[in-house]
Amino acid sequence: MPGEEGYITIDEFSRVDLRVGKVVEAERIPGTRLLKLMVDLGSEKRQIVSGIAEYYKPEDLLGKKVVVVVNLKPKKIRGYLSEGMILAAGCDKGQRPVLVTVGDEAEPGWRVC
């Protein structure tokens, strides 16, 4: 349990916009541990750069429905624009990240609550 200073309020948490995204394109960025993904969010597609190339092959991600933070400020990573973040579990050092996925009945763009 975090100390009192480590907690956030429900209002702060509600600012995070989590959506279902479907990976429609994926490729490794040469010379890095990064993958460049195109994710369908229903009303739009976004490019997301993720440091998971050590654990996932691009072809294994195609069609996966993942949870995406869509209101994260875009950032250039190694010269590539990243317009969100894909959530994973097991992000501590030495752990293999496991993508947070949703069932087939969830459609791209659905809000995660």
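Ile 10 is found in helix α1 (residues 10-14); helices here are DSSP runs of H or I with at least four residues, strands are runs of E with at least two, and both are numbered from the N terminus. This is a predicted model, in which local features need pLDDT of at least 70 and side-chain atom pairs count only at pLDDT 80 or more, while totals for chains, interfaces and linings use all residues. Residues are numbered from 1 along each chain as its sequence is written, and side-chain values use heavy atoms, with hydrogens and water left out.

Ile 10 counts as exposed because its relative accessibility is 66%; exposed means over 50% relative accessible area, buried under 20%, and partly exposed in between (1.4 Å probe, protein chains only). Together with Ile 8, Phe 13 and Val 16, Ile 10 forms a nonpolar patch on the surface, with about 400 Å² of accessible area in total. Patch members have over 30% relative accessible area and no salt bridge; nonpolar side chains (Val, Leu, Ile, Met, Phe, Trp, Tyr) are joined within 5 Å, and like charges within 9 Å. A salt bridge is a side-chain nitrogen of Lys or Arg within 4 Å of a carboxyl oxygen of Asp or Glu. The areas come from the Shrake-Rupley method with a 1.4 Å probe, and for residues only the protein chains shown count as cover.

Now to the sheet. Five strands form an open sheet in the order β3-β2-β1-β4-β7, with antiparallel pairing. β3 and β7 (85-86) stand at the edges with a single partner strand each, so one side of each is left without a neighbour in the sheet. Two strands pair if DSSP finds at least two bridges between them.

| Strands | Residues | Bridges |
|---|---|---|
| β1 and β2 | 18-28 and 35-40 | six |
| β2 and β3 | β3: 45-50 | six |

Looking at individual partners, Glu 25 has Met 38 in β2 as its bridge partner, Val 39 has Arg 46 in β3, and Asp 40 stands opposite Lys 45 in β3.

The hairpin of β1 and β2 has six residues between the strands, and Gly 31 takes a positive phi near 75° there. In the hairpin of β2 and β3, with four residues between the strands, Gly 42 has a positive phi near 90°.

Thr 32 sits in the loop between β1 and β2 and counts as buried because its relative accessibility is 10%. A polar atom of the Thr 32 side chain lies 3.0 Å from the backbone nitrogen of Leu 34.

Technical notes:
A polar contact is a pair of N or O atoms within 3.5 Å; within protein, one must be able to donate a hydrogen and the other to accept it, and residues adjacent in sequence count only if both atoms are side-chain atoms.
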